[in-house]
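The sequence and structure are shown first.

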Amino acid sequence: MSDSTDAPVLRTRGLCLEYGKGAGLVRAVDDVDLRVATGETVAVMGPSGCGKSTLLHLLGGLDKPSHGEVWLAGSRLDQMTEKGLARLRRTAIGFVFQAFHLMDELTATENVELPALLAGRSPRAARERAAELLEQVGLTDRAAHLPSALSGGQRQRVAIARALSNDPLVVLADEPTGNLDSEATLDVLRLFEALHAAGQTLVIVTHDARIAATADRLISMRDGAFVDETRLTGGATGRLADLAGFAGLDG
Amino acid sequence: MQEVVLAMLAKEPSHGYGLRTRLRNALGPLGEAMNDGQIYVMLGRLEKSGLVATERAEVLPDRSDRKVYALTAAGQQRVADWLTEVSWPKPDLAEFHLKLVTAAAGRLADPLVIVDAQRRELLLRLRDAQRAAMSEPDRSDAGLLLEGVVLRLQADLRWLEACERTWTGRRGRS
């Protein structure tokens with residue numbers, strides 16, 4: 001690990017979210033310690049209901065923990081006011097959701113420039129940034145389209161462009177390929193790999209092994225807690241051709 | 001693989017070189033496992049068994065790679081039979097399953113540790129297959145093959161999840 005990745009940009013300590021009381025107490029997130037280094041892609045996997053989406057909401061300041069700490073760079077999210085959190089979410093965090101959450105009545109460009117406008121950038125700067133991002137996600141020719149005129153994969157790429165609008169410290173993605181077919185999934189994977197190569201920090205919650213396989217680190221979650229962690233570096237022992245059953249003409 | 005070469009010749013007679021190129025195109029990065037001489041060895045074998053016949057290209061100098069191969073009637077029949085066969089690669093799950101069973105029964109190793117190691121290996125393979133798929137042009141033949149590899153690995157990973165659930169439950173009871 002290089003020096004630049006030693007300092008975590010996102011960190012939690014003893015993070016808990018509880019519902020109910022007494023015998024009915026449920027720990028949706030149970031004592032989670034997480035450190036995400038700058039530029040790292042971390043995938044959190046687990047069955048539905050394991051608490052992974054709830055965890056993502058806590059990391060992004062969309063929910064408040066019952067106990068524990070969430071740090072993003074130098075800011076402690078769990079102690080912030082609603083107003084402070086709202087500002088941090090607009091400027092330092094990019095969200096990507098399974099259902100895209102685009103504004104139906106706005107074009108691709110207008111959706112992408114919205115966060116920059118909300119963060120106080122000039123309309124011109126916001127428009128330029130949106131054009132740049134739509135080019136990055138390969139949708140320049142769809143810039144004037146409404147979401148209803150775009151495929152699922154294209155909508156998700158618009159949503160990713162929007163998430164990048166304010167150069168967030170971290171992009172948090174919740175099942176980003178959950179609604180996509182395999183070709184559109186490949187487009188999103190390509191995009192995540194390009195972001196990763198450009199040094200973007202990514203935390204992706206998913207049950208899609210295809211996404212998990214592109215991460216630097218894979219965390220398995222069960223019943224609100226982390227149960228396993230795997231670093232996905234190094235090579236596979238099996239050769240690609242063997243996986244397809246092709247071992248040459250003699251095989 | 002014999003039938004694949006015969007089926008390519010069913011389209012039109014061809015040099016060995018042309019067949020090799022067509023195989024490479026259909027396999028993409030997976031075709032790297034193919035040795036350049038293999039096609040000629042196989043064509044020689046097919047000729048001996050009477051499934052293909054050679055014609056020498058006129059005018060051109062007499063070199064082995066200038067031979068043009070064509071299907072015989074027997075070769076055509078073999079291709080027709082092959083196209084209606086329903087063979088399918090056998091999945092090899094029993095050995096891994098028995099590894100978990102015997103490891104647990106003899107207390108040789110923790111089945112969950114074996115599952116974790118296997119998952120890591122499959123995820124690395126999935127990553128490699130996906131990277132290869134991503135660098136293929138849209139809708140290429142090789143891309144479609146790689147999609148098959150990716151889907152099978154996903155299925156295997158789902159089975160590993162089932163293994164994990166079951167063996168976690170058993171450990172909890174013992």
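## Basis

The model is predicted: local features need pLDDT of at least 70, side-chain atom pairs count only at pLDDT 80 or more, and totals for chains, interfaces and linings use all residues. Residues are numbered from 1 along each chain as its sequence is written, chains are lettered from A and ligands numbered from 1 in the order in which they are written, and side-chain values use heavy atoms, without hydrogens and water.

## Largest pocket

A pocket is an open set of points on a 1 Å grid over the protein atoms alone, where a 1.4 Å probe fits and protein lies on both sides within 12 Å along at least five of seven lines; lining residues have an atom within 4 Å of a point. Grid points are joined across faces, edges and corners, and a volume is the space filled by probe spheres set on the points. The largest pocket holds about 1800 Å³.

Its lining has 41 residues, and Leu243(A), Ala244(A), Gly245(A), Pro89(B) and Arg152(B) lie nearest the centre. Two or more residues each come from helix H8 (240-243) of chain A and from helices H1 (2-11), H2 (16-27), H5 (94-105), H6 (111-134) and H7 (141-173) of chain B. Helices (H or I, at least four residues) and strands (E, at least two) are DSSP runs, numbered from the N terminus. H7(B) gives the most to this lining, with 10 residues. Domain 1 (1-108) and domain 2 (110-174) of chain B both contribute to the lining, so the largest pocket lies between them; domain bounds come from an automatic or database domain assignment.

## Second largest pocket

The second largest pocket has a volume of about 550 Å³. It is lined by 26 residues, with Met45(A), His207(A), Asp208(A), Arg158(B) and Glu161(B) closest to its centre. H7(B) supplies the largest share of this lining, 8 residues.

## Sheet in chain A

Chain A has an open sheet of 4 strands in the order E2-E1-E4-E5, with antiparallel pairing; two strands pair if DSSP finds at least two bridges between them. Strands E2 (26-37) and E5 (75-76) of chain A are at the edges, each with a single partner strand, so one side of each has no neighbour in the sheet.

Strand E1 (residues 8-19) of chain A is joined to E2(A) by 8 bridges, and the two run antiparallel. Leu15(A) has Val32(A) in E2(A) as its bridge partner.
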